Amino acid sequence: MASNNFNEKSPVAVPEPSPDLGVAITRKPVEPHPTGKVKHNGLVQFVRMLLFVTWFNACCVNIHITQMFGAPLYFVNKDWYHAYMAITKQSFALLITTITQWFSPTVVRVSGDESVRGQIKQSKDGLLETDFPERLIMIANHQLYTDFIYLWWIAYTSRMHGHMYIILKETLKWVPFIGPGMMFYGFVFMARNWTKDKPRLKHRLKQLKGRHSGPLSGSQDLDPMWLMIFPEGTNLSANTRKGSAKWAAKQGIKDLQHQLLPRSTGFQFCLQELKGTVDWVYDCTTAYEGIPRDGYGQDYFTLRSTYFQGRPPKSVNMYWRRFPVSSIPVDDVKAFEQWVNKVWLEKEDLLEYYAQNGRFPNADEGQDLSGGADAPKGAGFIETEVRLTHWYESGSIFIFLAVYGLIANILAKVWNLTIYGTLAGAAVEAAI
(Lines give C-alpha, C1' and ligand atoms only; values in the text may rest on other atoms or scores of the structure.)
Protein backbone atom coordinates (compact mmCIF):
# COMPACT_ATOMS: atom_id res chain seq x y z
CA MET A 1 0.00 0.00 0.00
CA ALA A 2 1.15 3.49 -0.69
CA SER A 3 1.14 4.59 2.92
CA ASN A 4 2.55 2.94 5.99
CA ASN A 5 1.18 5.53 8.41
CA PHE A 6 -2.36 5.24 9.65
CA ASN A 7 -4.52 8.05 10.95
CA GLU A 8 -8.11 8.81 11.81
CA LYS A 9 -8.72 10.07 8.27
CA SER A 10 -7.72 6.77 6.68
CA PRO A 11 -11.26 5.39 6.46
CA VAL A 12 -11.35 2.70 3.86
CA ALA A 13 -9.39 -0.53 3.93
CA VAL A 14 -8.04 -0.95 0.43
CA PRO A 15 -6.70 -4.30 -0.74
CA GLU A 16 -3.65 -4.35 -2.93
CA PRO A 17 -4.14 -7.20 -5.39
CA SER A 18 -0.81 -7.12 -7.15
CA PRO A 19 2.72 -5.95 -6.36
CA ASP A 20 4.99 -3.90 -8.56
CA LEU A 21 5.71 -6.71 -10.98
CA GLY A 22 9.14 -5.41 -11.94
CA VAL A 23 10.30 -5.32 -8.33
CA ALA A 24 8.60 -8.62 -7.51
CA ILE A 25 10.36 -10.42 -10.34
CA THR A 26 13.85 -9.14 -9.53
CA ARG A 27 13.68 -9.04 -5.72
CA LYS A 28 15.24 -12.09 -4.13
CA PRO A 29 13.27 -13.91 -1.46
CA VAL A 30 14.63 -14.20 2.07
CA GLU A 31 16.73 -17.29 2.76
CA PRO A 32 16.51 -19.89 4.15
CA HIS A 33 13.18 -20.32 2.40
CA PRO A 34 10.26 -22.22 4.04
CA THR A 35 9.98 -24.55 1.04
CA GLY A 36 13.69 -25.29 0.69
CA LYS A 37 16.15 -24.68 -2.09
CA VAL A 38 15.39 -23.27 -5.53
CA LYS A 39 13.90 -26.04 -7.68
CA HIS A 40 14.78 -24.62 -11.10
CA ASN A 41 18.06 -23.30 -12.49
CA GLY A 42 18.41 -19.90 -14.11
CA LEU A 43 17.56 -21.07 -17.65
CA VAL A 44 14.42 -22.91 -16.55
CA GLN A 45 13.38 -19.90 -14.50
CA PHE A 46 13.78 -17.69 -17.56
CA VAL A 47 11.67 -20.03 -19.69
CA ARG A 48 9.01 -20.22 -16.97
CA MET A 49 8.97 -16.43 -16.76
CA LEU A 50 8.53 -16.12 -20.54
CA LEU A 51 5.68 -18.63 -20.54
CA PHE A 52 4.06 -16.97 -17.54
CA VAL A 53 4.28 -13.46 -19.01
CA THR A 54 3.13 -14.65 -22.44
CA TRP A 55 0.07 -16.47 -21.08
CA PHE A 56 -0.87 -13.73 -18.63
CA ASN A 57 -0.47 -10.87 -21.09
CA ALA A 58 -2.18 -12.73 -23.94
CA CYS A 59 -5.17 -13.47 -21.73
CA CYS A 60 -5.33 -9.91 -20.35
CA VAL A 61 -5.20 -8.37 -23.81
CA ASN A 62 -7.80 -10.84 -25.09
CA ILE A 63 -10.13 -10.18 -22.15
CA HIS A 64 -9.88 -6.42 -22.54
CA ILE A 65 -10.49 -6.54 -26.30
CA THR A 66 -13.50 -8.75 -25.58
CA GLN A 67 -14.74 -6.14 -23.11
CA MET A 68 -14.31 -3.36 -25.69
CA PHE A 69 -16.35 -5.28 -28.24
CA GLY A 70 -19.12 -5.75 -25.68
CA ALA A 71 -19.13 -2.19 -24.34
CA PRO A 72 -21.80 -0.94 -26.82
CA LEU A 73 -24.25 -3.37 -25.21
CA TYR A 74 -24.55 -0.86 -22.36
CA PHE A 75 -26.53 1.45 -24.67
CA VAL A 76 -28.61 -1.37 -26.14
CA ASN A 77 -29.55 -3.62 -23.21
CA LYS A 78 -28.04 -3.17 -19.75
CA ASP A 79 -29.08 -6.67 -18.65
CA TRP A 80 -27.06 -8.24 -21.45
CA TYR A 81 -24.19 -5.82 -20.85
CA HIS A 82 -23.83 -6.85 -17.19
CA ALA A 83 -24.11 -10.52 -18.09
CA TYR A 84 -21.43 -10.08 -20.77
CA MET A 85 -19.04 -8.33 -18.37
CA ALA A 86 -19.67 -11.02 -15.74
CA ILE A 87 -18.48 -13.59 -18.27
CA THR A 88 -15.29 -11.60 -18.90
CA LYS A 89 -14.80 -11.42 -15.13
CA GLN A 90 -15.11 -15.20 -15.03
CA SER A 91 -12.36 -15.29 -17.64
CA PHE A 92 -9.98 -13.35 -15.41
CA ALA A 93 -10.76 -15.69 -12.52
CA LEU A 94 -9.92 -18.63 -14.79
CA LEU A 95 -6.68 -16.87 -15.77
CA ILE A 96 -5.41 -16.42 -12.20
CA THR A 97 -6.48 -19.97 -11.37
CA THR A 98 -4.58 -21.44 -14.32
CA ILE A 99 -1.36 -19.53 -13.59
CA THR A 100 -1.52 -20.84 -10.03
CA GLN A 101 -2.31 -24.37 -11.15
CA TRP A 102 0.40 -24.48 -13.83
CA PHE A 103 3.20 -22.36 -12.40
CA SER A 104 2.61 -22.56 -8.65
CA PRO A 105 0.76 -25.76 -7.65
CA THR A 106 -0.60 -25.01 -4.21
CA VAL A 107 -2.08 -27.23 -1.53
CA VAL A 108 -5.02 -25.56 0.18
CA ARG A 109 -6.43 -26.70 3.51
CA VAL A 110 -9.90 -25.40 4.23
CA SER A 111 -11.70 -25.57 7.56
CA GLY A 112 -14.35 -23.62 9.40
CA ASP A 113 -16.55 -23.36 12.45
CA GLU A 114 -20.14 -24.43 13.00
CA SER A 115 -21.52 -21.40 11.18
CA VAL A 116 -20.42 -22.78 7.80
CA ARG A 117 -21.54 -26.36 8.41
CA GLY A 118 -22.86 -27.88 5.19
CA GLN A 119 -21.41 -25.13 2.99
CA ILE A 120 -17.87 -26.46 2.49
CA LYS A 121 -17.54 -29.87 0.88
CA GLN A 122 -15.18 -32.01 -1.13
CA SER A 123 -16.17 -33.81 -4.30
CA LYS A 124 -15.27 -37.42 -5.03
CA ASP A 125 -12.37 -36.30 -7.23
CA GLY A 126 -10.93 -34.17 -4.42
CA LEU A 127 -12.07 -30.75 -5.57
CA LEU A 128 -13.37 -28.14 -3.16
CA GLU A 129 -17.04 -27.24 -3.42
CA THR A 130 -18.51 -24.34 -1.49
CA ASP A 131 -22.13 -23.35 -1.24
CA PHE A 132 -21.88 -19.78 -0.06
CA PRO A 133 -24.78 -17.37 -0.78
CA GLU A 134 -25.04 -15.27 -3.93
CA ARG A 135 -24.66 -12.02 -1.99
CA LEU A 136 -22.13 -11.53 0.79
CA ILE A 137 -19.36 -9.30 2.09
CA MET A 138 -16.06 -11.13 2.48
CA ILE A 139 -13.44 -9.92 4.94
CA ALA A 140 -9.98 -11.38 5.49
CA ASN A 141 -6.60 -10.72 7.05
CA HIS A 142 -4.04 -9.60 4.49
CA GLN A 143 -0.81 -11.64 4.46
CA LEU A 144 0.36 -11.51 0.83
CA TYR A 145 -0.27 -9.55 -2.33
CA THR A 146 -1.68 -12.77 -3.79
CA ASP A 147 -4.33 -13.31 -1.10
CA PHE A 148 -6.96 -12.19 -3.57
CA ILE A 149 -6.12 -15.09 -5.91
CA TYR A 150 -7.08 -17.71 -3.34
CA LEU A 151 -10.18 -15.81 -2.26
CA TRP A 152 -11.32 -15.37 -5.86
CA TRP A 153 -10.74 -19.09 -6.36
CA ILE A 154 -13.12 -19.71 -3.43
CA ALA A 155 -15.71 -17.74 -5.41
CA TYR A 156 -14.96 -20.07 -8.34
CA THR A 157 -15.78 -23.07 -6.17
CA SER A 158 -19.19 -21.46 -5.51
CA ARG A 159 -19.59 -20.55 -9.20
CA MET A 160 -19.65 -16.90 -8.17
CA HIS A 161 -16.36 -15.92 -9.80
CA GLY A 162 -18.16 -13.66 -12.27
CA HIS A 163 -19.61 -11.58 -9.46
CA MET A 164 -16.55 -10.62 -7.42
CA TYR A 165 -16.06 -6.95 -6.53
CA ILE A 166 -12.87 -5.61 -4.97
CA ILE A 167 -11.91 -2.25 -3.44
CA LEU A 168 -8.60 -1.09 -4.94
CA LYS A 169 -6.19 1.80 -4.73
CA GLU A 170 -6.75 4.38 -7.46
CA THR A 171 -3.31 4.13 -9.08
CA LEU A 172 -4.13 0.63 -10.36
CA LYS A 173 -6.69 2.21 -12.65
CA TRP A 174 -3.86 3.30 -14.94
CA VAL A 175 -2.17 -0.10 -15.41
CA PRO A 176 -2.47 -0.90 -19.15
CA PHE A 177 -5.24 -3.36 -20.02
CA ILE A 178 -5.65 -4.50 -16.40
CA GLY A 179 -6.78 -1.09 -15.12
CA PRO A 180 -9.44 -0.43 -17.78
CA GLY A 181 -10.50 -4.06 -17.49
CA MET A 182 -11.11 -3.64 -13.77
CA MET A 183 -13.19 -0.53 -14.49
CA PHE A 184 -15.42 -2.66 -16.73
CA TYR A 185 -15.70 -5.09 -13.82
CA GLY A 186 -17.17 -2.39 -11.61
CA PHE A 187 -14.34 -2.53 -9.07
CA VAL A 188 -14.13 0.38 -6.62
CA PHE A 189 -11.06 2.64 -6.90
CA MET A 190 -10.12 4.65 -3.82
CA ALA A 191 -7.72 7.58 -3.42
CA ARG A 192 -7.52 7.20 0.38
CA ASN A 193 -9.00 10.66 0.68
CA TRP A 194 -12.40 10.33 2.35
CA THR A 195 -13.71 13.56 0.82
CA LYS A 196 -13.17 12.12 -2.65
CA ASP A 197 -13.73 8.49 -1.82
CA LYS A 198 -17.05 8.65 0.02
CA PRO A 199 -19.22 9.83 -2.91
CA ARG A 200 -17.65 7.43 -5.40
CA LEU A 201 -17.95 4.52 -2.95
CA LYS A 202 -21.56 5.47 -2.28
CA HIS A 203 -22.23 5.52 -6.03
CA ARG A 204 -20.66 2.10 -6.59
CA LEU A 205 -22.46 0.53 -3.63
CA LYS A 206 -25.74 1.90 -4.95
CA GLN A 207 -25.07 0.09 -8.21
CA LEU A 208 -24.39 -3.12 -6.26
CA LYS A 209 -27.97 -2.94 -5.00
CA GLY A 210 -29.28 -3.15 -8.55
CA ARG A 211 -31.30 -5.86 -10.22
CA HIS A 212 -30.89 -7.14 -13.77
CA SER A 213 -32.95 -9.86 -15.39
CA GLY A 214 -30.51 -11.11 -18.00
CA PRO A 215 -28.27 -14.21 -17.93
CA LEU A 216 -26.10 -14.69 -14.81
CA SER A 217 -28.45 -12.42 -12.84
CA GLY A 218 -28.86 -14.96 -10.03
CA SER A 219 -31.91 -16.45 -8.37
CA GLN A 220 -32.62 -13.70 -5.85
CA ASP A 221 -34.25 -10.30 -6.06
CA LEU A 222 -30.85 -8.62 -6.30
CA ASP A 223 -27.83 -9.28 -8.50
CA PRO A 224 -25.17 -11.69 -7.17
CA MET A 225 -22.36 -9.85 -5.39
CA TRP A 226 -19.25 -10.88 -3.47
CA LEU A 227 -17.61 -7.75 -2.09
CA MET A 228 -14.03 -8.42 -0.94
CA ILE A 229 -12.64 -6.14 1.78
CA PHE A 230 -9.31 -6.24 3.61
CA PRO A 231 -10.00 -4.14 6.74
CA GLU A 232 -6.26 -3.97 7.51
CA GLY A 233 -5.84 -1.86 4.40
CA THR A 234 -2.56 -3.43 3.26
CA ASN A 235 -0.59 -6.63 3.59
CA LEU A 236 1.54 -7.53 6.60
CA SER A 237 5.20 -6.47 6.38
CA ALA A 238 7.95 -5.02 8.54
CA ASN A 239 6.98 -1.48 7.57
CA THR A 240 3.23 -1.89 8.03
CA ARG A 241 3.90 -3.73 11.29
CA LYS A 242 5.53 -0.54 12.61
CA GLY A 243 2.57 1.52 11.46
CA SER A 244 0.16 -0.79 13.23
CA ALA A 245 2.20 -0.64 16.47
CA LYS A 246 2.24 3.15 16.25
CA TRP A 247 -1.52 3.23 15.79
CA ALA A 248 -2.06 0.87 18.74
CA ALA A 249 0.09 3.04 21.00
CA LYS A 250 -1.77 6.15 19.93
CA GLN A 251 -5.15 4.58 20.59
CA GLY A 252 -4.06 2.90 23.81
CA ILE A 253 -5.01 -0.57 22.61
CA LYS A 254 -3.18 -3.87 22.34
CA ASP A 255 -1.24 -4.42 19.15
CA LEU A 256 -1.43 -7.69 17.24
CA GLN A 257 1.43 -10.03 16.34
CA HIS A 258 0.10 -11.93 13.33
CA GLN A 259 -1.99 -9.18 11.75
CA LEU A 260 -2.35 -5.44 11.41
CA LEU A 261 -4.99 -3.58 13.37
CA PRO A 262 -8.13 -3.24 11.24
CA ARG A 263 -9.78 -0.02 10.13
CA SER A 264 -13.54 0.07 10.58
CA THR A 265 -14.88 3.21 8.87
CA GLY A 266 -14.94 2.02 5.26
CA PHE A 267 -16.17 -1.44 6.22
CA GLN A 268 -18.97 0.10 8.28
CA PHE A 269 -19.92 2.43 5.43
CA CYS A 270 -20.23 -0.54 3.06
CA LEU A 271 -22.50 -2.37 5.50
CA GLN A 272 -24.64 0.72 6.02
CA GLU A 273 -25.07 1.35 2.31
CA LEU A 274 -25.84 -2.31 1.57
CA LYS A 275 -28.14 -2.68 4.58
CA GLY A 276 -31.16 -4.77 3.75
CA THR A 277 -29.55 -6.22 0.61
CA VAL A 278 -26.93 -8.55 2.11
CA ASP A 279 -27.48 -10.97 4.99
CA TRP A 280 -24.01 -12.31 5.75
CA VAL A 281 -20.44 -11.27 6.38
CA TYR A 282 -18.02 -14.14 5.66
CA ASP A 283 -14.67 -14.01 7.42
CA CYS A 284 -11.60 -15.88 6.20
CA THR A 285 -8.51 -16.23 8.38
CA THR A 286 -5.57 -17.13 6.14
CA ALA A 287 -2.21 -18.62 7.18
CA TYR A 288 0.71 -19.71 5.00
CA GLU A 289 2.73 -22.73 6.05
CA GLY A 290 6.39 -22.22 6.84
CA ILE A 291 6.52 -18.50 7.61
CA PRO A 292 8.54 -18.10 10.83
CA ARG A 293 6.98 -16.29 13.75
CA ASP A 294 9.13 -13.20 13.24
CA GLY A 295 8.90 -13.32 9.43
CA TYR A 296 6.60 -11.83 6.82
CA GLY A 297 5.12 -13.76 3.93
CA GLN A 298 5.87 -11.13 1.31
CA ASP A 299 9.60 -11.50 2.00
CA TYR A 300 9.53 -15.22 1.20
CA PHE A 301 6.78 -15.69 -1.36
CA THR A 302 7.71 -13.17 -4.02
CA LEU A 303 6.48 -13.44 -7.59
CA ARG A 304 9.91 -14.80 -8.52
CA SER A 305 10.09 -17.52 -5.89
CA THR A 306 6.44 -18.54 -6.17
CA TYR A 307 6.03 -18.77 -9.93
CA PHE A 308 9.52 -19.06 -11.42
CA GLN A 309 11.72 -20.79 -8.84
CA GLY A 310 9.11 -23.42 -7.98
CA ARG A 311 8.82 -22.41 -4.33
CA PRO A 312 5.16 -21.59 -3.64
CA PRO A 313 3.75 -21.86 -0.10
CA LYS A 314 3.71 -25.46 1.13
CA SER A 315 0.07 -24.91 1.95
CA VAL A 316 -2.47 -22.13 2.16
CA ASN A 317 -4.72 -22.59 5.17
CA MET A 318 -8.16 -21.00 5.43
CA TYR A 319 -10.54 -20.91 8.37
CA TRP A 320 -14.04 -19.70 7.55
CA ARG A 321 -16.73 -18.18 9.73
CA ARG A 322 -19.83 -16.17 9.00
CA PHE A 323 -21.77 -13.51 10.86
CA PRO A 324 -25.37 -12.46 10.22
CA VAL A 325 -25.46 -8.76 9.37
CA SER A 326 -28.46 -8.45 11.68
CA SER A 327 -26.17 -9.25 14.64
CA ILE A 328 -23.61 -6.52 13.78
CA PRO A 329 -24.05 -3.01 15.30
CA VAL A 330 -23.82 -1.33 11.91
CA ASP A 331 -25.30 2.02 12.95
CA ASP A 332 -23.26 2.57 16.12
CA VAL A 333 -19.74 3.79 15.34
CA LYS A 334 -18.19 2.89 18.68
CA ALA A 335 -19.96 -0.45 19.01
CA PHE A 336 -19.04 -1.38 15.43
CA GLU A 337 -15.39 -0.54 16.03
CA GLN A 338 -15.44 -2.76 19.11
CA TRP A 339 -17.07 -5.56 17.12
CA VAL A 340 -14.40 -5.39 14.39
CA ASN A 341 -11.61 -5.39 16.99
CA LYS A 342 -13.22 -8.39 18.69
CA VAL A 343 -13.32 -10.28 15.38
CA TRP A 344 -9.65 -9.46 14.78
CA LEU A 345 -8.66 -10.60 18.27
CA GLU A 346 -10.42 -13.90 17.56
CA LYS A 347 -8.52 -14.16 14.29
CA GLU A 348 -5.32 -13.44 16.20
CA ASP A 349 -6.07 -16.39 18.50
CA LEU A 350 -6.69 -18.57 15.45
CA LEU A 351 -3.38 -17.55 13.90
CA GLU A 352 -1.54 -18.15 17.18
CA TYR A 353 -3.11 -21.61 17.37
CA TYR A 354 -1.94 -22.24 13.81
CA ALA A 355 1.58 -21.03 14.65
CA GLN A 356 1.79 -23.51 17.52
CA ASN A 357 0.02 -26.49 15.95
CA GLY A 358 0.42 -26.16 12.18
CA ARG A 359 -3.34 -26.22 11.65
CA PHE A 360 -6.42 -24.34 12.68
CA PRO A 361 -8.59 -25.58 15.58
CA ASN A 362 -11.20 -28.25 14.92
CA ALA A 363 -9.55 -28.99 11.59
CA ASP A 364 -9.66 -32.75 12.07
CA GLU A 365 -10.22 -35.03 9.13
CA GLY A 366 -12.60 -37.08 11.19
CA GLN A 367 -14.83 -34.14 11.95
CA ASP A 368 -17.79 -33.89 9.60
CA LEU A 369 -19.10 -30.36 9.11
CA SER A 370 -20.58 -31.14 5.71
CA GLY A 371 -24.08 -31.60 7.07
CA GLY A 372 -25.28 -35.17 7.29
CA ALA A 373 -24.02 -38.74 7.11
CA ASP A 374 -24.68 -39.00 3.38
CA ALA A 375 -22.95 -35.75 2.49
CA PRO A 376 -19.36 -35.69 1.25
CA LYS A 377 -16.74 -35.40 3.96
CA GLY A 378 -15.67 -31.86 4.38
CA ALA A 379 -15.36 -28.49 6.08
CA GLY A 380 -13.73 -29.97 9.18
CA PHE A 381 -10.53 -30.45 7.21
CA ILE A 382 -10.36 -30.45 3.43
CA GLU A 383 -7.06 -30.72 1.61
CA THR A 384 -7.22 -29.88 -2.06
CA GLU A 385 -5.43 -27.85 -4.73
CA VAL A 386 -6.09 -24.65 -6.63
CA ARG A 387 -7.15 -25.94 -10.02
CA LEU A 388 -9.92 -25.84 -12.58
CA THR A 389 -12.75 -28.34 -12.44
CA HIS A 390 -12.19 -29.13 -16.14
CA TRP A 391 -8.96 -28.49 -18.04
CA TYR A 392 -10.80 -27.16 -21.10
CA GLU A 393 -12.31 -24.25 -19.14
CA SER A 394 -9.19 -22.22 -19.89
CA GLY A 395 -10.22 -22.20 -23.54
CA SER A 396 -13.36 -20.25 -22.70
CA ILE A 397 -11.16 -17.21 -22.05
CA PHE A 398 -10.75 -16.87 -25.82
CA ILE A 399 -14.17 -18.01 -26.97
CA PHE A 400 -15.69 -14.58 -27.60
CA LEU A 401 -12.71 -13.32 -29.58
CA ALA A 402 -12.68 -16.57 -31.57
CA VAL A 403 -16.36 -16.13 -32.40
CA TYR A 404 -15.79 -12.51 -33.41
CA GLY A 405 -12.92 -13.62 -35.63
CA LEU A 406 -15.06 -16.31 -37.25
CA ILE A 407 -17.89 -13.86 -37.90
CA ALA A 408 -15.46 -11.30 -39.35
CA ASN A 409 -13.97 -13.96 -41.64
CA ILE A 410 -17.41 -15.01 -42.86
CA LEU A 411 -18.47 -11.42 -43.49
CA ALA A 412 -15.22 -10.73 -45.37
CA LYS A 413 -15.80 -13.73 -47.63
CA VAL A 414 -19.42 -12.73 -48.28
CA TRP A 415 -18.22 -9.22 -49.14
CA ASN A 416 -15.55 -10.53 -51.52
CA LEU A 417 -18.00 -12.91 -53.16
CA THR A 418 -20.58 -10.17 -53.62
CA ILE A 419 -18.25 -7.43 -54.87
CA TYR A 420 -15.53 -9.39 -56.68
CA GLY A 421 -17.24 -12.64 -57.47
CA THR A 422 -14.54 -14.62 -55.66
CA LEU A 423 -13.79 -15.51 -52.04
CA ALA A 424 -10.19 -14.32 -52.48
CA GLY A 425 -11.20 -10.71 -53.12
CA ALA A 426 -9.50 -7.81 -54.94
CA ALA A 427 -5.98 -9.26 -54.85
CA VAL A 428 -6.92 -12.20 -57.05
CA GLU A 429 -8.88 -9.97 -59.39
CA ALA A 430 -5.88 -7.64 -59.80
CA ALA A 431 -3.58 -10.58 -60.54
CA ILE A 432 -5.90 -11.82 -63.27
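Predicted model: local features only at pLDDT ≥ 70, side-chain atom pairs only at ≥ 80, totals over all residues.
Residues are numbered from 1 along each chain as its sequence is written, and side-chain values use heavy atoms, without hydrogens and water.

Helix H2 (residues 42-70) packs against H4 at an angle of about 175°, with the axes 10 Å apart; axes are lines fitted to C-alpha atoms over the stretch in contact, and angles run from 0 to 180 degrees between N-to-C directions. H2 is therefore roughly antiparallel to H4 (angles over 145 degrees).

The axes of H4 (residues 78-103) and H5 (residues 147-157) come within 10 Å and cross at roughly 120°, which makes H4 oblique to H5. Contributors to this contact include Phe-92 and Ile-96 of H4 and Trp-152 and Trp-153 of H5.

The model holds 13 salt bridges (a side-chain nitrogen of Lys or Arg within 4 Å of a carboxyl oxygen of Asp or Glu). Arg-159 and Glu-393 form a salt bridge at 3.6 Å, N to O. Arg-159 lies in the loop between H5 and strand E5 (164-169) and Glu-393 in the loop between strand E10 (382-385) and helix H13 (399-420), so the pair ties together parts 234 residues apart in sequence.

Technical notes
Helix = DSSP H or I, 4+ residues; strand = E, 2+ residues; numbered from the N terminus. Parallel < 35°, antiparallel > 145°, perpendicular 65-115°, else oblique. Contact = heavy atoms within 4.5 Å.
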